[in-house]
There are 2 protein chains.
Amino acid sequence: MTKKDVIVLKDLLGTNKRIAAEIRRELRSRGILCVNLLSSPGSGKTALLEGLADRLKGRFRMAVIEGDIETERDAERIRARGVPAWQITTGGACHLEAKMVGRVLPGVPPDVDFLFIENVGNLVCPAGYDLGESVRCVLLSSPEGDDKPQKYPQAFLSADVLVLTKSDLIPLVPFDPDKAAGEALAINPRLKVFRVSALRGEGMDELAGFFADALAKERAGRA
Amino acid sequence: MTKKDVIVLKDLLGTNKRIAAEIRRELRSRGILCVNLLSSPGSGKTALLEGLADRLKGRFRMAVIEGDIETERDAERIRARGVPAWQITTGGACHLEAKMVGRVLPGVPPDVDFLFIENVGNLVCPAGYDLGESVRCVLLSSPEGDDKPQKYPQAFLSADVLVLTKSDLIPLVPFDPDKAAGEALAINPRLKVFRVSALRGEGMDELAGFFADALAKERAGRA
C-alpha cells in the first residue's frame, strides 16, 4: 500500500468506528443486545440463527440483519421462522460497515430483545469493522479444519465467542475440536467456546442460554 | 466509497493488471502452466495440491506458491510431498497480488511444468486480482452448501474451472452437486466442472489429466 492508500483506509475506519459507537449507544439505550456473526462462507451462520430463533421464541423477540454480496436467500430463510429480517446486499463489498447497519436501524421494532447481524461470509475483512455490536461471535465449522485460528488470527482475536459448528461431522473429517479451541484461546484467552450442531441441535440450548444471560447482564449494566 | 477511494482502487488494480500480464508472458515463454486456486478457508485447496502432487510426480515437475495471512503450515505440507513451495504471508491482507508472486518467480526452477498458486482463503477479494495465471480454478466444498455461487458470483464468473471438493461428505450434508454446478454454470457457462474427494481420491485422476492436457495445449499454443 502507498501512503495515500493508508490515509484513505484510516479515514474509512475512523468514520466506521464513530458510526458504530453511535449504534452501540442507541441499541443499549433501547435494551437490545446486538450480536455480530463472523465466519467463512458456509460455516453455518444462517443455520445457527434458525436454531436460535426456534429456541428463543416465546421468551424473547429477535430480529436479524443479513449481509450478503448478492441474493435475498438468507433473509428469506430467517423470515420463514417468523423472525423479522433485513437483507443488506453489498453488491461486491467483502464486509458490512456500520453505516449499512445504521440505515436499517430505524425499522427495527422497539420491543426487540436481540439483533443478530450475519456478516458477509469472509473470515478476513469483516474482522476490521465494528458494527456497533455488544457481542462478536466467530464461527468455525469442523470441515474447515482445526488449523484456521492461527491462519486467520484477527477474527479470533477480535471475537468474544467462538462457536465450533457442524459438530455432527467431527467424526468424519480431520478436525480436533480441542486443538481448534486451544489455538483460538492462545490468540484470545477471553473467548467463550461452544460446540454445536445446528442441524442436530447439539449444544444449541447452551448457546441460547448464553445469549439470554448476556442480554440480562447488558440490561443490568444499563440500569 | 468516495471518489478518492475509487481512484486509489483503480490505480492499485491497474498496476496489478500490468504486473500480472508480465508474469503471464514470462511463465508462458518458460513453458510453465500457472494455476490460481481460489476458495473459502478450509475448502480443501492444500489437500487438492497434495493429491495432485502424488498424481503428477514422475511425469511432471510442479511448484507451489502458498498464500496465507499467517503461518508457514501449508508450504510445509506441500514440501513434505517433495514439491518445492514458497510461503507468502500477507500479514493481514485478504488476497494475493501479482507483485507478491513476481518476487517469488526468480527462485522457481527452470524445469518446472506447473506452478500452482494457492490464494488466501477468501471467496470474495482474491477474485479481483489477476496473478498472471493461465487457469483460474475455484473450489467449493460440499459442507459449504450449494447456494454459494449466486451469493459470491465474482469468483465463479472469473474462473475457468470449478472443483466441487469433499465429495465423500455429499451424502451427509445438505448439498446437491447438480444444483451447485447448475448455479455456477448459469453465471459462467464456460466453466469446466470436476467433482473430487482429495481424501478418498475420487475424481483426482480426471483433474490431474485435465491439467496435463491444459499444459500440452498451452505449450502447443506457444510453439
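How many residues does the contact take from chain A and from chain B? I looked this up before anything else. The contact (heavy atoms within 4.5 Å) takes 40 residues from chain A and 40 residues from chain B.

**Basis.** I worked on a predicted model, in which local features need pLDDT of at least 70 and side-chain atom pairs count only at pLDDT 80 or more, while totals for chains, interfaces and linings use all residues. Residues are numbered from 1 along each chain as its sequence is written, chains are lettered from A and ligands numbered from 1 in the order in which they are written, and side-chain values use heavy atoms, with hydrogens and water left out.

**Interface area.** I noted a buried area of about 3,100 Å² between chain A and chain B; this is the accessible area (1.4 Å probe) that two parts lose on being put together, summed over both. Carbon and sulfur atoms give 58% of the area. On the side of chain A, Pro41(A), Arg73(A) and Lys151(A) lose the most area to chain B, together 20% of what that side buries.

**Interface pairs.** I then searched for salt bridges (a side-chain nitrogen of Lys or Arg within 4 Å of a carboxyl oxygen of Asp or Glu) and found six across the interface. One joins the side chains of Arg73(A) and Glu183(B), at 2.5 Å from N to O. H1(A) gives the most, with five residues.

**Salt bridges in the whole structure.** My search over all chains returned 44 salt bridges. In one of these, the side chains of Asp54(A) and Arg81(A) meet at 3.1 Å, N to O. Asp54(A) lies in helix H2 (residues 45-56) and Arg81(A) in the loop between H3 and strand S3 (85-89), so the pair ties together parts that are 27 residues apart in sequence. I classed accessibility as buried (under 20% relative accessible area), exposed (over 50%) or partly exposed (in between), with a 1.4 Å probe and protein chains only. Asp54(A) is partly exposed at 33%, and Arg81(A) is partly exposed at 37%.

I also recorded a salt bridge between Glu97(A) and Lys99(A), with the closest N and O atoms 3.8 Å apart. Is Glu97(A) buried or exposed? Glu97(A) is buried at 15%, whereas Lys99(A) is partly exposed at 34%.

Technical notes: Helices (H or I, at least four residues) and strands (E, at least two) are DSSP runs, numbered from the N terminus.
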